[in-house]
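Trainee: Could you take me through one part of this model in close detail? I would like to follow the side chains and see who meets whom.

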Amino acid sequence: MMKRTTLFTLFLLVSAAAMAQQSRLFVRGGVGEAEYWLMNAQGSKGIFGYQLGVGAELPFKNSSWGFQPIIQYVAKGAQEEETSLTMHLNYLEVPLDFYYKTEWGKGWGFKVAAGPYLSYGLHGQTKVSSGGASVSVDSFSDEHFRRVDAGLNTDFYFSYNKFFFGMSYDMGFIPVHEKSRGDTWPSNYTGMFSIGVYL
């Protein structure tokens with residue numbers, strides 16, 4: 001499923017480059033905080049997160065609305081304070097957003113976008129520290145975290161000429177781990193300050 005979605009997104013990005021001048025490719029990167037939310041997220045705290053991706057704006061004809069597929073690398077995870085457990089989960093992610101964009105005077109504009117995303121875990125490291133010693137394991141090895149994540153992506157951006165900046169959020173709805181310890185694990189959440197440029 002993830003492979004088909006990635007290929008579909010690549011097709012859209014390549015198609016955008018060959019379409020009308022209104023369609024634009026862009027690259028963006030961001031840094032912020034990754035944490036957990038929803039079920040049993042209490043007792044966890046955020047860690048440093050980041051994202052880097054390429055996308056396309058595909059406007060609907062004669063409209064301020066459009067479709068925005070993106071392919072990006074995202075670092076997620078969290079830390080549990082009581083157990084000194086730090087979880088780094090790195091994904092290839094495909095947000096498929098719909099956006100509304102308005103242009104202001106003198107090159108300024110604003111865009112809001114939202115839509116579903118699908119992620120596939122590429123690699124990661126989970127570390128447990130105790131008494132000055134630590135043990136690390138592959139986060140996505142057997143018996144550990146799910147490779148598939150899915151949820152809602154939202155973006156809020158100001159633009160000036162070919163540059164843009166703002167906030168990007170991921171809200172996952174799939175628990176990062178299957179049921180264990182008699183309860184349900186929480187889901188991924190990230191908030192990133194992002195900057196980008198239209199190509």
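**A close look at the strands**

Mentor: Happy to! Let's start with a polar contact: the side chains of Gln51 and Ser194 are joined at 2.7 Å. Keep in mind that this is a predicted model. Gln51 sits in strand β3, which covers residues 47-59, and is buried, with a relative accessible area of 6%. Beyond its neighbours within four places in sequence, Gln51 is in contact with several residues, including Arg28, Gln72, Tyr157, Ser168 and Met192.

Now for the charged side chains. The structure holds six salt bridges, and one of them pairs Lys76 with Glu93 at 2.9 Å, N to O. Lys76 belongs to strand β4 (residues 65-80) and Glu93 to strand β5 (residues 85-103), so this pair ties together parts 17 residues apart in sequence. Glu93 is buried at a relative accessible area of 0%, and Lys76 is buried too, at 1%.

Lys76 also meets Asp149 in a salt bridge of 3.1 Å, N to O. Because Asp149 lies in strand β8 (residues 148-160) and Lys76 in strand β4, the pair ties together parts 73 residues apart in sequence. Asp149 is buried, with a relative accessible area of 1%.

Asp170 is another salt-bridge partner of Lys76, with the closest N and O atoms 3.3 Å apart. This pair links distant parts of the chain, 94 residues apart, with Asp170 in strand β9 (residues 163-172). Asp170 is buried, its relative accessible area being 3%. Through shared partners, the salt bridges join Lys76, Glu93, Asp149 and Asp170 into one network.

Note on methods
Residues numbered from 1 in each chain as written. Predicted model: local features only at pLDDT ≥ 70, side-chain atom pairs only at ≥ 80, totals over all residues. Heavy atoms only, no water. Helix = DSSP H or I, 4+ residues; strand = E, 2+ residues; numbered from the N terminus. Buried < 20%, exposed > 50% of the residue type's maximum accessible area, 1.4 Å probe, protein only. Polar contact = N/O pair within 3.5 Å; in protein donor to acceptor, adjacent residues only side chain to side chain. Contact = heavy atoms within 4.5 Å. Salt bridge = Lys/Arg side-chain N within 4 Å of Asp/Glu carboxyl O.
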